[in-house]
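Here's a quick walk through the packing of this protein. Have the viewer open and follow along.

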Amino acid sequence: MAAAKKEPFIRLAKRDVMPVGKKIAVRLISLAIALIVCGLLIFSITGINPLEVYSTMIKGAFGTKTRVWATVKEMMMLACIAIGLAPAFKMRFWNIGAEGQVLIGGIVTAGCMIYLKPLPPVLLFAIMFVGSAIAGALWGLLPAIFKAKYNTNETLFTLMMNYVAIQLTSFFVAKWENPFGSNTVGIINQNGQEGWFPAVFGSRYFISVVLVLLLAVLMFVYLKYTKHGYEISVVGESENTARYAGISVGWVVIRTMLVSGALCGLAGFMAVAGASHTISTSTAGGRGFTAIIVAWLAKFDSATMLLISLLLAFLQSGAGEIASKCKLNSYASEMITGIILFFILGSEFFINFRVIMRGKKEKEEN
Amino acid sequence: MSEAVISLSNVTKSFGEVLANDNVSMDIYKGEILSLLGENGSGKTTLMNMLSGIYYPDSGEIKVNGKTVNIRDPKDAFACGIGMVHQHFKLVDVFTAAENVVVGIKQKGHFDLRSVAAGIREICDKYGFVMDPDKKVYDMSVSEKQTLEIIKVIYRGADILILDEPTAVLTPQETEKLFSVIRNMKKDGKTVVIITHKLHEVLSISDRVAILRKGAYIDAVATKDATEESLTEMMVGEKVELNIERPEVKDKKLRLKVEHLSCYNADGVKMLDDVNFEAFSGEILGIAGVSGNGQKELLESVAGLQNTMPGASIEYYSPEDEKSRELIGLTPRKIRELGVHLSFVPEDRLGMGLVGSMGMSENMMLKDYSEGNSIFTDKQKPKELAEQILKELKVVTPGISTPVRRLSGGNVQKVLVGREIAASPAVLMTAYAVRGLDINTSYTIYRLLNEQKTSGVAVIYVGEDLDVLMELCDRILVLCGGRVSGILDGKSAKKEDIGRLMTTYGGGKENK
């Protein structure tokens, strides 16, 4: 009989809008808890002082100039893809295909570097830039057309396009194999460095940084102040509202995916011409998926996307370092990344809901 | 009346900042029909949801038959004999009636659907329902679905039935049928609580009326001592003039002429079938019909949102030059570019008329953001318009950039209607313009529509409350199965006639 039953142990209630200061506090607290949990875990398993682990992480990510640039390079790659994904996701178009769009951009860039080597550098860069953007855009266009015309499921479509891109990459790796039998493309144009980003202020990554920051500003303005951005918001909110407002939904979907794909293609350009100077099936390296987290966590705000990219890049470089320095294997670093992400994502829950325990009036925070 | 079967004491429930129920204490007596009356947002449904296990109170105590209970989920509620029929039906479309009745009941082995069917027939015979246990839900009319919901809760042994706005979706005839069933239940000793805001229904069915206002319990009165006026006053908290004006039609000119309009929906069902009518400036044309009989498609066809069958014609006569323009086949943007002053307040306010995540200001430019050659949006004009509407219609919002989703239903509608009227239309179409609004806001909307009418706009008002349609509209077009079942004069129309035209084409007379 119900009368014998107790009050439920835990209940959830939707929260009012939390003040900004409190939101930041909740996120910082969750980060602190994440670090404490990681520390406890590391200590209980290995007996290593967690503080030492953390300082190793920081050294690993920012210890030397080279490391700083490596972390920044990683951050810019992630940010570039996330900025590319932002308009698509804001339109609620589930572009899971960044991985493929990056690869296609990379293939075109590598192809230009190999075949157009004799061209003057400025022209070569222009062709690589435009070519990789167009390639990425076309890779995004196909699912968009099918979505607009036949309302196909874009999640599956873009996901499957990734595998096509991976297979294409394998094909070109085999075609451009160098040296013969290595099954890799090797460093392209190692002698003349044709098509490599030149070093500015002592770093080859400087141009990437400028490019991504520029894209970040442009995307911010595009989403917030232009008519296109307004259309993207309306379509993302409700297609019926968009139709009611006289917006051609199909065209907006196609146009936005062209933009989204092009930016992801540019990320491929940066990865090949600006960083690795080679192409392989791991050129995108899962960043196309990680960037989805970046875009959503940042709610498509450019500055926040840069910050979150930095955090993830830091975690990756730092975690790699502790794997080698503290004689933990690479799984340990992945665990740390996982725990930190878990708490940060989990903190969103406490920002939106209150938890009420049995017997108590209310419980705040996590 | 006898003893209290349910008694609530100091029950409080809040959602975020909103206090939905504030220290409510009330009793429900055994064997009575109780109307729970209150405006939208007064907390009626929330209160009853706490009895049926959907919500759990923040504080307070619920007693059933004198024993304190904790109702944590609908199963606990059924254990207490409480069953609720929600406003939005909770049925599985592809299941039969019998399957829906037993879905969710835990039982070892196979369900014996034959004995379930027998049980359903027994309930039907006892209370005067009609229901085929093998009929699939997707084949059922709205009223049949509701019947099934009621059977479901009775089958599960509920002695206390809570019906949330049961008549909102029914025709007058169906409502009468439902009421007779409810009276049968009362005779059988069951307790029935009806949540409603329709006064004449309260007066005709219930023994007692309990009134909520803004989450607080006001009072309960015996129905025989109550009048529409006294109940309204308790509900709103002040005296309200319940008369809707109907200014004389002046300067009547043809604005919209619809001929041979037919269309199919996405499932290939014919939603409009050779619809013909005219709308004139300076009058309000009401459109009545059971929900889903083509009202939505009709308005959306005119607005350019619906593919129509060949042979149809929708002509718009401009007030500037009195020339006609054909709207068939045009998109909403083309229609606007043609200089057609058409405003449309759709039924789905946040899903079609407005963008829920945007503020008032950004919603103002929804229809004309694309004007001008700049690639940037103009934020200044919409901001001024938003502030003007905020002031003139007394919209309650923290600010013009607060997402409109967070406003109450009435304020959302003020924003939408305000924008559509601000576009100075020649034809103004509204779909269920007062659905879910409180009395004062409803009367604000009626006043705004009358203002448009007297200023020479052709107003089309799709409504569901027949009393309002008969008071407000100059002519009433009745839709039935996507066909124009009849067009009546607003002043002389009788409710029974409209009801008949709603359910049978031509009102049963073979006059085609």
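## Around Ile81(A)

Leaving out residues up to four places away in sequence, Ile81(A) touches Ala98(A), Val102(A), Cys264(A), Ala267(A), Arg287(A), Gly288(A) and Ala291(A). Touching here means that C-beta atoms, placed from the backbone, lie within 7 Å.

This is a predicted model, so local features need pLDDT of at least 70 and side-chain atom pairs count only at pLDDT 80 or more, while totals for chains, interfaces and linings use all residues. Residues are numbered from 1 along each chain as its sequence is written, with chains lettered from A in the order in which they are written.

## The nonpolar cores

Ile81(A) is also among the residues with the most contacts inside the largest nonpolar core, which has 181 residues. A core is a set of buried Ala, Val, Leu, Ile, Met, Phe, Trp, Tyr and Cys residues joined through C-beta atoms within 7 Å; buried means 20 or more other C-beta atoms within 10 Å of a residue's own. Helix H10 (residues 249–276) of chain A gives the most to this core, 14 residues; helices are DSSP runs of H or I, at least four residues, numbered from the N terminus. Domain 2 (254–341 + 425–508) and domain 3 (354–423) of chain B both contribute, so the core lies between them.

A second, separate core has 65 residues, including Met48(B) and Leu178(B).

## Where domains 2 and 3 of chain B meet

The bounds of these domains come from an automatic or database domain assignment. Domain 2 of chain B puts 11 residues in contact with 7 residues of domain 3 of chain B. Helix H15 (residues 439–454) of chain B supplies the largest share of the domain 2 side, 4 residues.

Note on methods. A residue is buried if 20 or more other C-beta atoms lie within 10 Å of its own, exposed if 12 or fewer, and partly exposed in between; C-beta atoms are placed from the backbone. Helices (H or I, at least four residues) and strands (E, at least two) are DSSP runs, numbered from the N terminus. Two residues are in contact if their C-beta atoms, placed from the backbone, lie within 7 Å.
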